[in-house]
Amino acid sequence: MVVETENLTKMYGAKTGCEEICLSVGEGQIFGFLGPNGAGKSTLIKMLVGLLFPTSGSARLLGRPLGDLGARSKIGFLPENFRYQQWLTGRELLKLHASLYRMDGPESERRIPEVLELVGLQGQADRRAGGYSKGMQQRIGLALAILPNPDLIFLDEPASALDPIGRREVREIMLNLRRSGKTVFLNSHLLSEVEMICDEVAIINRGRIVAGGRLAELLACSVEVVMEIGGISPEILDRLSTLGRVLAVDGPRVRLALESRDKIPATARAIVETGGLLYRLEPRQNSLEDLFMDLVQKEGSAC
Amino acid sequence: MYYGYKDIAAHAGRMPQAVRALIVPQFLAIGLYFGSLIVAFLAVMGTVGTISSEIESGVMQSIATRPVRRAEIFLGKFFGYAFMLTAFSVLMYISVVIIVRTGTGAAIPVRPGDLGLFCLQPVILLAVAMCGTTFLPTLANGVASFMLYAIGVVGGMVEQVGYLLRSGVMVKIGIVSSLLMPADSVYRKIVYDLIASTGLSPVSNMMGPFGSGAAPSVWMLAYTGIYILAFLALGLRVFSRRDI
């Protein structure tokens, strides 16, 4: 495993940053880490990259304990609020970070133009970074993260400041990294983006992991049905709530979340048995957004 | 300083040697005091946010996650600033000596020992500011560092006045303040040694708040060394263990 955490916990006094996080991320994949604002996403990433010290628990990156300098030389990190020395040019910033990664002269001379081209900044490298637009700042941050050709890259909201073209380019970069066997740990709010490229995801809420696994399996394990029922009554709704979770009732239209497709016939039968007239029943495959909203709205889930 | 001395000389006509021997050291002391003050301001103002401002702005997030130890970041910054402050101090010291030499005609030597002590003054403040910046916000660290510097400066003056008025209590206040912030006692040692080396009246050392009634001992210098190391060690410890 490239990332392994065991009951990793961070407390800020009495306040929980994240609690008993158990994660395993395999090699050569894009791992999506999701959660609402303040759920503990950045806290976990900051612990993993060595900015925060865990209160308890342990973690290993690339098979080595947290803080190991050998492992860090193979890890790239793009912080959510990336800032830099504004008086340096893009190229100088890359040289500074190449020296922090202890890359020798020929290696950095070879690698810097490569990453500049990869993030589309080759024509802007000699401009002061302080004059970069928001999108260019994000690109130079990404260039710094991939500079040492890392085996593991943590990207905290990498596409947040980018326009649709920039987002697509970042997506391409992540896919290329995966193709070359690298592991990308992606923290993002852009659920459609995550759904498009991630192999596995974990969802964190209130500091705890509430769901995790292969994306396709997570989406397949729940289904939503939209129904149109004539003569709807409290009795029908009570009966439906024993089969699944009633998400919305709007006149005759009812949205119901079921644990699996197997419960659809029983749902139809329940409506008929309780005197309802079933005009329409349409199963919908859950999107990541549905799953996310569903999990985040639930209270008190456990790791 | 230059024009002040020229003005006094023009009014006094041909200045008796005894009067000149009293006045020249005062001008030298004022020059060195001014120089010390400027370097002290540079040391504090330039470094109070060395780490805290980078944490506040987020720059530190991309530095501290690279394969470098926090101690390397801390000491790298300390030695970088120490080098810059030393270069500035050398320039300031030599400028003061040249101005006093040119203005008064006194043969004031550039002694490596005194020059070294002059360069040590901002390093003391640098160590304090570097320690503070690891756990205090930039503004709070600036206020705290200046307060400590002010204690040293005012305490040094109180001690000097104590020597003149033969007040044991005032001298003790000065000694305690020197222990809290030894930069001023280093300055007093430079002034004392330099004036003694010029062959000018040692009595002049006793005059005014910028003079030096007694040279701080070698133990005071040893204490200063320990003081710097202690602040650096504390800063290093705090920075190595703090969350960013």
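Reader: Ok, and what about the model and the numbering?

Author: This is a predicted model, where local features need pLDDT of at least 70 and side-chain atom pairs count only at pLDDT 80 or more, while totals for chains, interfaces and linings use all residues. Residues are numbered from 1 along each chain as its sequence is written, and chains are lettered from A, with ligands numbered from 1, in the order in which they are written.

Reader: Chain B then. How many helices and strands does chain B have?

Author: Chain B has ten helices and zero strands. Both kinds of element are DSSP runs numbered from the N terminus: helices are H or I with at least four residues, strands are E with at least two. The pattern along the sequence of chain B is α-α-α-α-α-α-α-α-α-α.

Reader: What does the C-alpha trace of chain B span along its principal axes?

Author: About 70 × 40 × 30 Å. Of the 244 residues in chain B, 43% are buried, meaning that 20 or more other C-beta atoms lie within 10 Å of the residue's own, with C-beta atoms placed from the backbone (12 or fewer is exposed, in between is partly exposed).

Reader: At what angle do helix H5 and helix H10 of chain B pack?

Author: Helix H5 (residues 70-104) and helix H10 (residues 218-241) of chain B pack at about 140°, and their axes are 9 Å apart. That angle is why H5(B) and H10(B) are called oblique to each other. Their crossing is right-handed; a crossing is left-handed if the near helix is turned anticlockwise from the far one by less than a right angle, and right-handed if clockwise.

Reader: Which residues of H5(B) and H10(B) meet there?

Author: From H5(B) you get B:Arg70, B:Ala71, B:Phe74 and B:Phe78, and they meet B:Leu232, B:Gly235, B:Leu236, B:Phe239 and B:Ser240 in H10(B). By type, this contact has six nonpolar residues, two polar and one charged. Nonpolar here is Ala, Val, Leu, Ile, Met, Phe, Trp, Tyr, Cys and Pro, charged is Asp, Glu, Lys and Arg, and the others, Gly among them, are polar.

Reader: Switching topic: how many residues of chain B are in contact with chain A?

Author: 13 residues of chain B, against 20 residues of chain A. Contact means that the C-beta atoms of the two residues, placed from the backbone, lie within 7 Å. On the chain B side, helix H4 (residues 59-64) gives the most, with five residues. That side divides into six nonpolar, five polar and two charged residues.

Reader: And in chain A, how do helices H3 and H4 cross?

Author: Helix H3 (residues 90-100) and helix H4 (residues 105-118) of chain A have axes that come within 10 Å and cross at roughly 130°. H3(A) and H4(A) are therefore oblique to each other too, and their crossing is right-handed. A:Arg91, A:Leu94, A:Lys95 and A:Ala98 in H3(A) meet A:Ser108, A:Ile112 and A:Val115 in H4(A).

Reader: Now sheets. What's the order of the six strands in chain A?

Author: S6-S7-S8-S3-S9-S10, an open sheet with mixed pairing; two strands pair if DSSP finds at least two bridges between them. Strand S6 (75-78) and S10 of chain A are at the edges with a single partner strand each, so one side of each has no neighbour in the sheet. The twist averages 15° from one strand to the next.

Reader: Are S3 and S8 of chain A parallel or antiparallel?

Author: Parallel: strand S3 (residues 30-34) and strand S8 (residues 183-187) of chain A pair over four bridges. A:Gly32 stands opposite A:Leu186 in S8(A).

Reader: How many bridges for S9 and S10 of chain A?

Author: Six, in the antiparallel sense, between strand S9 (residues 200-205) and strand S10 (residues 208-214) of chain A. Their hairpin has two residues between the strands, and A:Arg206 there takes a positive phi near 50°.

Reader: Which strands of chain A does helix H1 lie across?

Author: Helix H1 (residues 41-49) of chain A lies across S3, S6, strand S7 (152-156), S8 and S9, and runs at about 145° to S7(A).

Notes. Axes fitted to C-alpha atoms, helices over the stretch in contact; angles between N-to-C directions. Parallel < 35°, antiparallel > 145°, perpendicular 65-115°, else oblique.
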